[in-house]
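This report concerns the pockets of a protein model and one of its sheets. Please consult the sequence and structure shown here.

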Amino acid sequence: MIKILIVEDEEPIANLIRMNLVKAGYQCETASDGETAADLIQEGRYDLILLDIMLPKLSGYEVLEYAKTVDIPVIFLTAMGDTQQKVKGLKLGAEDYIAKPFEIAELLARVETVLRRYKKTERNLKFLNIEIDTDSRTVTQDGQTAELTTKEYELLLLFLRNKNRALYRETIYESVWGGEYTGTGRTVDLHVQRLKKKLRLEEHIRTIYKVGYRLEC
């Protein structure tokens, strides 16, 4: 199982992140200060670190140096929106940077992207009679290959990583298409409808009025 260290001194935020990552199938540990985080990094083996910058005892930048010695990827989580701070973190070796407040769906999508970049994602995902091999990017249903487009495949992964969670159309569009959602056009709706039809998920992908969609177990 993928193991993630959450380094965040605000307990409610740390607990919220941990709860949602555990629901998504990850194993998590938390640290509330930089010194504890450095000790955990030296003692344990993590696949990814979610790291706040402003921490007691040691800053996130200093903790990043510990993570680099054992080749663990880092995503910075911070309320600091200053561009210089973002550039500094990325130059020091962080894989990504997310400014608070953020949507959990965005966090999960970025976590998946970094883990995939480091080839640490779980190879197989299952939902009902559907199986996904993330290495070959193939989807089978009842043992038969399901012919999905690239966007349909990425949309399915997004739903599986966010089971039972309402996803805004903006979040879906930005996660799958990578651009800014303008609120016009029916790209998201049309792709969701095709995915539901291809995989017979009409009873599981629910439309949420004026919001978006939710994959229900």
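## Largest pocket

In this predicted model, 14 residues line the largest pocket. Those that lie nearest its centre are E112, T113, R116, E154 and S175. The space in this pocket amounts to about 260 Å³.

Three helices, α5 (104–117), α6 (150–161) and α7 (169–176), each contribute at least two residues to the lining of the largest pocket. Sorted by class, this lining comprises six nonpolar, three polar and five charged residues.

## Second largest pocket

The second largest pocket holds about 210 Å³ of space. Its lining consists of D96, E103, E106, A109, R110, T113, R117, E170, T171, E174 and S175. By class, seven of these residues are charged, three are polar and one is nonpolar.

Helices α5 and α7 each provide at least two residues of the lining of the second largest pocket. The most comes from α5, which gives five residues.

## Three-stranded sheet

An open sheet is formed by three strands in the order β10-β12-β11, with antiparallel pairing.

Strands of a sheet pair through backbone hydrogen bonds, in either a parallel or an antiparallel arrangement. Between β10 and β12 (residues 212–215), the antiparallel pairing extends over two bridges. Within β12, Y213 is the bridge partner of L167.

Notes. Residues are numbered from 1 along each chain as its sequence is written. This is a predicted model: local features need pLDDT of at least 70, side-chain atom pairs count only at pLDDT 80 or more; totals for chains, interfaces and linings use all residues. Side-chain values use heavy atoms; hydrogens and water are left out. On a 1 Å grid over the protein atoms alone, a cavity is a set of points where a 1.4 Å probe fits but cannot get out, and a pocket is an open set with protein on both sides within 12 Å along at least five of seven lines; lining residues have an atom within 4 Å of a point. Grid points are joined across faces, edges and corners, and a volume is the space filled by probe spheres set on the points. Helices (H or I, at least four residues) and strands (E, at least two) are DSSP runs, numbered from the N terminus. Ala, Val, Leu, Ile, Met, Phe, Trp, Tyr, Cys and Pro count as nonpolar, Asp, Glu, Lys and Arg as charged, and the others, Gly among them, as polar. Two strands pair if DSSP finds at least two bridges between them.
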